[in-house]
Amino acid sequence: MGMPDGVELAGPRHDRFPEILTPEALAFLAELHRAFDARRRELLARRADREAALAAGELLDFLPETRHVRDGEWRVAPPAPGLVDRRVEITGPTDAKMTINALNSGAKVWLADHEDANTPLWENVIGGQLNLRDAIDRTLSCTAPDGRRYALHDGDLATIVFRPRGWHLTEKHILVDGERTSGSLVDFGLYLFHCAARLLDRGSGPYFYLPKLESHLEARLWNDVFLFAQERLGIPRGTIRATVLIETYPAAFEMEEILYELREHSAGLNAGRWDFMFSVIKKFRTRGRDFLLPDRNAVTMTAPFMRAYTELLVRTCHRRGAHAIGGMAAFIPSRRDPQVNETALAKVRDDKTREAGDGFDGSWVAHPDLVPVCREVFDAVLGDRPHQLDRTRDEVRVTAAQLLDVKSTPGRRTEAGLRNDISVGVQYLASWLRGTGAVAIFNLMEDAATAEISRSQVWQWLHNGVTLDDSGEKVDPDLVERLADEELAKLPGDPADYAEARSLFMAVAVADDFVDFLTLPAYERMP
Ligand SMILES: CC(=O)SCCNC(=O)CCNC(=O)[C@H](O)C(C)(C)COP(=O)(O)OP(=O)(O)OC[C@H]1O[C@@H](n2cnc3c(N)ncnc32)[C@H](O)[C@@H]1OP(=O)(O)O
Ligand SMILES: O=CC(=O)O
Ligand SMILES: [Mg+2]
């Protein structure tokens, strides 16, 4: 079989890429594109309409038209093999070394990330698929630049749960009928095509984390994609499993409906706190004081709106027999600095202790050295039980007003906070443009979600006439430029090295037109 009709490849064909970009796999992607891309675009347009309504004064609320779903009696499918005990999940990009380190880390699950932690550079997109396939075959190995050899352990490895890109992103290197394809469908389709049978042979399955959904209709689209793909590839219905990230403000009002749409394929929900915070800023960015957050690093999971969101998530999941998975504490341990390490371990322990106490069934860590802390905390609560689905949290009642109560968030808006947003935002973008989508900056994990908070916070303060609580200065474009000069001068290397990242940051943090996702213009600057 040659290149399927209507398919064009616009990216370089590196050594082993043809193993992934086979005519059969590309034909499958073309089918997915023709069947579902128009609906994807319609749903993106619906997001924009909803955002316009919020800008015009509407508020988010639970949907009247889906009350029957919330009031009905139904449960999601029982957990699939490898997804019963999820007390520790490590996340990270899919380069060979990280893949091996994550699978060997002792975590129960590895979230193999093509979203927040990944720059969708063509080499990462296809290289990641090769690494995943080789890892499942247990043939993956690599040598680091310093000569260290990496190979997979012989024993148990983490269950792989793959996170494709969100619905908003396209793949410009694979065209169907002259159109860019969807990043979500390309990532999902290639992984399913190459890995589903291999995973099933090993007693696991094709499992996914679904990012950045904004409504149950977007979950319905995923469910329809799953049904179609299972049929086409001859995989039994219900084999695919998906954990949905509740990480946008609108989705927090549709948790039940999202589980319901995916109930045959559901593996639960995750509290994606960083994108959630970004979405809170984004959706109400023009609505003044009621939705103005303090310094990014001052917003914690104990803020009233954050607590309402996580409490509702656990209650919703457990009522429906679905796992509730906690989020990411951003503190990164250090093997070089004992003080940084101690602080990170203590902060992560506190975070996981709160989650385990609240009823979560497991949680995320960003680094292998955090696996033992998370495991210890969940072991203490779960004991021999694989999860705590029996804690139904019937006492929890969360109202729309509680989810919307952003103004009670304690904290100040300071010059240090603004400087941090600018410095982190520019440094992160510089890394992203070099092809690395997750990086430690000032001892915190930064990825696309945390960088979105930084840039949207600057935009929000700037466009709502904020005066900083400490310096008394008004946030305006001149102040942002001056602080950028000062902050970039503190970084090692030549400030010119940051010129492109800085111009991109200003385009997404200062310009009047609010760009939906910083990765959209950033992707256009990539080869
Ligand atoms: C908001 C969200 O979506 S959160 C989920 C998305 N974000 C992520 O997944 C971030 C995941 N974490 C990371 O990428 C990394 O931990 C970083 C970039 C934050 C820090 O990485 P580094 O600077 O390399 O950390 P450090 O030098 O301490 O790493 C020590 C070792 O642990 C490994 N390691 C660190 N993090 C990970 C990880 N997440 N998965 C696998 N291995 C890892 C490193 O490869 C290194 O291995 P080596 O000793 O064999 O060389
Ligand atoms: O994807 C997770 C998040 O916190 O964002
Ligand atoms: Mg996210």
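In this predicted model, the centres of domain 1 and domain 2, taken over C-alpha atoms, are separated by 25 Å. The contact between them takes 33 residues from domain 1 and 32 residues from domain 2, two residues being in contact if their C-beta atoms, placed from the backbone, lie within 7 Å. On the side of domain 1 that touches domain 2, helix 9 and helix 11 (338-358) each supply at least two residues, and the largest share, six residues, comes from helix 9. Helices (H or I, at least four residues) and strands (E, at least two) are DSSP runs, numbered from the N terminus. The residues on this side of domain 1 divide into 18 nonpolar, nine polar and six charged; Ala, Val, Leu, Ile, Met, Phe, Trp, Tyr, Cys and Pro count as nonpolar, Asp, Glu, Lys and Arg as charged, and the others, Gly among them, as polar. The domain assignment places domain 1 at 7-401 and domain 2 at 415-524, and such bounds come from an automatic or database assignment.

Residues are numbered from 1 along each chain as its sequence is written, while chains are lettered from A and ligands numbered from 1 in the order in which they are written. Because this is a predicted model, local features need pLDDT of at least 70 and side-chain atom pairs count only at pLDDT 80 or more, whereas totals for chains, interfaces and linings use all residues.

The ligands come next. Around ligand 1 there are 24 residues, the closest being T91, G92, N101, D116 and A438, where a residue is near a molecule if its C-beta atom, placed from the backbone, lies within 6 Å of it. Strand 2 (88-92), helix 3 (96-103) and strand 14 (439-441) each give two or more residues to this shell, and helix 3 provides the largest share, four residues. The shell around ligand 1 divides into 15 nonpolar, four polar and five charged residues. Domain 1 and domain 2 both give residues to the shell around ligand 1, so this ligand lies between them.

Which residues are around ligand 2? They are D116, L245, E247, G272, R273, W274, D275, G327, M328 and A449. Helix 9 (residues 273-283) contributes the largest share of the shell around ligand 2, three residues, and that shell divides into four nonpolar, two polar and four charged residues.
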